[in-house]
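Dear colleague,

Please find below the structure that I am handing over to you, followed by a summary of what was found in it. I would be grateful if you could read the two side by side.

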Amino acid sequence: MVFTTGAALLDAIVLSVVSLEGTYGYKITQDVRNVMDVSESTLYPVLRRLQKDGYLETYDMEFQGRNRRYYRITSNGVILLDKYRAEWISYKKNIDKILLGNEE
């Protein structure tokens, strides 16, 4: 992808992926990679920061004899995600006006 990804956009995408279901880090990485190029070494610090800031919480579940750490969105995470989604709609509309010549 030629466009760079800012931290807020990455946060929004991670929160959106996790909001669909409680899921684990590797799956989150794969889902995010469907829309942008991101490495695990980039994503795991994002997950830890979102958890530290109270937007995600973790829980462990056994999978094939080992514990797997899962992430789920908190109520504060849902509020932040809603804010990101509203901001995205406005941002996309303004970019489309310039880049695509769309006047709505």
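What covers the buried residues of α2? The cover includes α1, β1, α3 (40-52) and β3, where contact means heavy atoms within 4.5 Å. Helices (H or I, at least four residues) and strands (E, at least two) are DSSP runs, numbered from the N terminus.

Please note that this is a predicted model, in which local features need pLDDT of at least 70 and side-chain atom pairs count only at pLDDT 80 or more, while totals for chains, interfaces and linings use all residues. Residues are numbered from 1 along each chain as its sequence is written, and side-chain values use heavy atoms, with hydrogens and water left out.

Helix α2 spans residues 25-33, and its buried residues are Gly25, Ile28, Thr29 and Val32. Buried means under 20% relative accessible area, exposed over 50%, and partly exposed in between (1.4 Å probe, protein chains only). Viewed down the axis of α2, these buried residues fall within an arc of 100°, so they line one face of the helix; the arc is that of the directions from the helix axis to the C-beta atoms. An α-helix has 3.6 residues a turn, so residues three or four places apart point the same way.

The sheet comes next. Its 3 strands are arranged in the order β1-β3-β2, forming an open sheet with antiparallel pairing; two strands pair if DSSP finds at least two bridges between them. The edge strands, β1 (23-24) and β2 (56-63), each pair on one side only. Helix α1 (residues 7-20) packs on this sheet and touches β1, β2 and β3, its direction making about 110° with that of β3. Axes are lines fitted to C-alpha atoms, for helices over the stretch in contact, and angles run from 0 to 180 degrees between N-to-C directions.

Between β2 and β3 (residues 66-73) there are 8 bridges in the antiparallel sense.

Which residues do ring pairs link into a cluster? They are Tyr24, Tyr59 and Tyr70. Rings of Phe, Tyr and Trp (its six-membered ring) pair if their centres lie within 6.5 Å; planes under 30 degrees apart count as stacked, over 60 as edge-to-face and the rest as tilted. Tyrosine 24 and tyrosine 70 are edge-to-face, at 5.7 Å centre to centre and 75° between the planes. Tyrosine 24 lies in strand β1 and tyrosine 70 in strand β3, so this pair ties together parts that are 46 residues apart in sequence. The rings of tyrosine 59 and tyrosine 70 have centres 5.5 Å apart and planes at 15°, so that pair is stacked. Tyrosine 70 counts as buried because its relative accessibility is 12%, whereas tyrosine 59, at 21%, counts as partly exposed.

Arginine 68 lies over the face of tyrosine 24, at 3.7 Å from the ring centre. A charge sits over a ring if NZ of Lys or CZ of Arg is within 6 Å of the ring centre and within 35 degrees of the ring normal.

Yours sincerely
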